[in-house]
2 protein chains.
Amino acid sequence: MKNYIARREKKELKIKGETIVQADTLKTFCRHVFEKLGVSTEDADVTADVLVQADLRGIGSHGVARLRRYVNGLREGQMAAMPNVTVVHETSTTTLIDGDGGLGPPIGVQGMRMAIEKAKEIGVGFVAARNSNHYGIAGYYAMMALEHEYIGISLTNADVLVVPTFGRNAMLGTNPISVAVPSGGDYPFVLDMATSVIPKGKIEVYQKLNKELPIGWASDELGIATTDSGQVLHNLNNKMGGGLLPLGGVGEVMGGHKGYGLALLVDILCGVLSGAGYADTIYPKTPDGEPLPANVGHFFGVLRVDGFRPIQEFKATMDDMIRRMKDTPKAEGQQRIYIHGEKEFETAEERMIKGIPLHPKVVADLKAIAEETGVGYDL
Amino acid sequence: MKNYIARREKKELKIKGETIVQADTLKTFCRHVFEKLGVSTEDADVTADVLVQADLRGIGSHGVARLRRYVNGLREGQMAAMPNVTVVHETSTTTLIDGDGGLGPPIGVQGMRMAIEKAKEIGVGFVAARNSNHYGIAGYYAMMALEHEYIGISLTNADVLVVPTFGRNAMLGTNPISVAVPSGGDYPFVLDMATSVIPKGKIEVYQKLNKELPIGWASDELGIATTDSGQVLHNLNNKMGGGLLPLGGVGEVMGGHKGYGLALLVDILCGVLSGAGYADTIYPKTPDGEPLPANVGHFFGVLRVDGFRPIQEFKATMDDMIRRMKDTPKAEGQQRIYIHGEKEFETAEERMIKGIPLHPKVVADLKAIAEETGVGYDL
């Protein structure tokens, strides 16, 4: 549903001068940039694909707008271009891998492939990964299970932005949960949600619009709910307290402790179970405040549907459930009930034909990266 | 955290005339009632334990206050006293069981035991159950994994009370998610949360207090957020539309689509994957509106920690994460940051010593059940 919100806000922002780029062109450009920075062709291809898929699906915050972070990470040694990814521990159903500080997407794809292989052989597969970096959209990996008609699970922890219930400081990432489930109909079910109410990018949009935040999105440096987007960003960027609120908002009245619990759960499975960083230890720094290599953790799971019931029966039942949900009467003023992933699939279909609209700032950034790396910019 | 809220509201209600009953006494009474209704001693014991554990943990809504529903279900044939629980399908990592319409708790315990056995042998285990009934607190089953120092997962679907995002009618249950994770410290992590903002019982409490509901808890018969507790209950009880809102509230602004997605996910794993009911098919009725046996589904999962890393390392890391979370500065006016399960464990410790306070209405109900079944009431 992210892209829907993003689209609505894009309209409000009335962005002029967007550049429309075809997905293939964008992917090729990104791949070349990664290759120039020493990444293997295979890893460059995977990472480019993860970024461009995010843009295709309308999740621009995780698309090529992030290329700068990846480029800087590779250049400054925060991210290893040629990591030696190793298996630390393995059983017939589980694997722990160490990403050796590599880019998140290739580590994620490798982890999910391993989980799928296990599921093929034994019905289920679980892989935890440590010493990784930002892996883009969680849904990319969960959806890898769909081509086998398996159920896919993908979780990651992330840099601290979210304040625990009754806390004052950000101690958890937006720690997303993605689960992809095959169906027989138009689209599979693809849940891909941050466990915070909103991502940081939403606060930035509101700041640009000079709009008050709804109460329940963020808290100030005292841990009190606030509507001041500028203050929240200032505080977050300077580690002065406050931050995003977990799903359910501030305190317990609207269930904020539940979002906090989901964020903790993701951190346990991604960080504590893997031996990666967790809470405020994911992005460590030297005593002088210089950033050290990150230690992001991921968790991947795959369940074969036919471990429980035949896939055709399952898909027919999924379709019936989806139909029931979509056919139920709509709230006043609403025309449609969505199933998770549906908006993103529709956006991707449209953008595969019409191309991906890029914000002028993103285009300027890509041009600068092209110049710095010597990759021809012909977007 | 449920019990904390319950306790606060209990104070607001200023209930007089509560009866304090020891857990053992209460459990023995419930067991005898079930036995009188034809349930085997083992199943009666399990069901009594699940109910009393809920009361001990401060989750009165799922405690002996539910005994009446179980008694009526057994008497009226909605619940089978002596079900023939069968294994429908089994692999080395997964099992599908059919509960034959039995009481939820024995089916749940059997399912979770099977998942634990699989995990013992092969590292992980997953069990889906169909043709079951209400199984009480989801956390009971997740916590069964803790005595083996495994991670436990327990999900169930439930009768429709929750309205999907942009919908008008309740189409999903409060579909809880429970995950229990061992730690080395005082308490394990036990997340046990409905995927709705609040349970129906909270609306009932507000109605008794004649208090306005916070916006975001419930919607009216048009699917619009409402503060009118009486109307919400009237509508729900008469299937007139509206109901509880998913975690995140109405629409998408506060993330209601995320809570809706979690509720759908639980329904997929419990209902669609098992062949149980799902959405509005869990509690079917005859064309005349007479209730037919329910078809509730559950989903259980167990992960061995040592499939990833040594349990001692894991527990030490859990303790560090918990310490970091609890030691972080508190929001203004707050004294304590909680880890999930902590409040319930503290309540249970207190109630094991002091006894369980029962509301006069619950006591009256238990007395009536004692009379009807001929079980001596000596609470």
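1. Let's start with a term: two strands count as paired if DSSP finds at least two bridges between them. Helices (H or I, at least four residues) and strands (E, at least two) are themselves DSSP runs, numbered from the N terminus. With that in hand, look at chain A, where strand β5 (residues 150-156) and strand β10 (residues 296-304) pair in the antiparallel sense over seven bridges. In this pair, I151(A) sits opposite L303(A) in β10(A).

2. Some housekeeping before you go on. This is a predicted model, in which local features need pLDDT of at least 70 and side-chain atom pairs count only at pLDDT 80 or more, while totals for chains, interfaces and linings use all residues. Residues are numbered from 1 along each chain as its sequence is written, chains are lettered from A and ligands numbered from 1 in the order in which they are written, and side-chain values use heavy atoms, with hydrogens and water left out.

3. Now zoom out to the sheet. In chain A, seven strands make an open sheet with mixed pairing, and the order is β2-β3-β4-β10-β5-β6-β7. The edges belong to β2 (86-90) and β7 (189-193) of chain A; each has a single partner strand, so one side of each is left without a neighbour in the sheet. From one strand to the next, the twist averages 15 degrees. As background, strands of a sheet pair through backbone hydrogen bonds, either parallel or antiparallel.

4. Which helices pack on this sheet? One is α5 (residues 104-122) of chain A, which touches β2, β3 (94-98), β4 (124-132), β5 and β10 of chain A, where contact means heavy atoms within 4.5 Å. The direction of α5(A) makes about 160 degrees with that of β4(A). Axes here are lines fitted to C-alpha atoms, for helices over the stretch in contact, and angles run from 0 to 180 degrees between N-to-C directions. Another is α9 (residues 256-272) of chain B, which touches β5, β6 (177-181) and β7 of chain A and makes about 135 degrees with the direction of β7(A).

5. Have a look at G104(A), which lies in helix α5 of chain A. Is G104(A) buried or exposed? At 1% relative accessibility, G104(A) counts as buried; the cut-offs are under 20% relative accessible area for buried, over 50% for exposed, and partly exposed in between (1.4 Å probe, protein chains only). Leaving out residues up to four places away in sequence, G104(A) touches S132(A), N133(A), H134(A), Y135(A), Y141(A) and H298(A).

6. Next, how do the two chains meet? The contact takes 91 residues from chain B and 91 residues from chain A. About 7600 Å² is buried between chain B and chain A, with carbon and sulfur atoms giving 71% of that area. Buried area is the accessible area (1.4 Å probe) that two parts lose on being put together, summed over both. F166(B), K258(B) and F308(B) supply 11% of what chain B buries against chain A, more than any other three residues.

7. On to charges. Side chains of opposite charge can pair when their charged atoms come close. A salt bridge here is a side-chain nitrogen of Lys or Arg within 4 Å of a carboxyl oxygen of Asp or Glu. The structure holds 44 salt bridges over all chains, and the rule finds four across the interface of chain B and chain A. E252(A) and K343(B) form a salt bridge at 2.6 Å, N to O. This pair crosses between chains, from the loop between β9 (243-244) and α9 (256-272) of chain A to helix α11 (residues 342-354) of chain B. Both E252(A) and K343(B) are buried.

8. Within chain B, the side chains of E342(B) and K326(B) meet in a salt bridge (2.6 Å, N to O). E342(B) is in helix α11 and K326(B) in helix α10 (residues 311-327) of chain B, so the pair ties together parts that are 16 residues apart in sequence. E342(B) is buried at 8% relative accessible area, whereas K326(B) is partly exposed at 24%.

9. Finally, the backbone. Most residues other than glycine have a negative phi, and most peptide bonds are trans. N210(B) has a positive phi, near 55 degrees, and counts as exposed at 71% relative accessibility. A279(B) also has a positive phi, near 45 degrees, but counts as buried at 2%.
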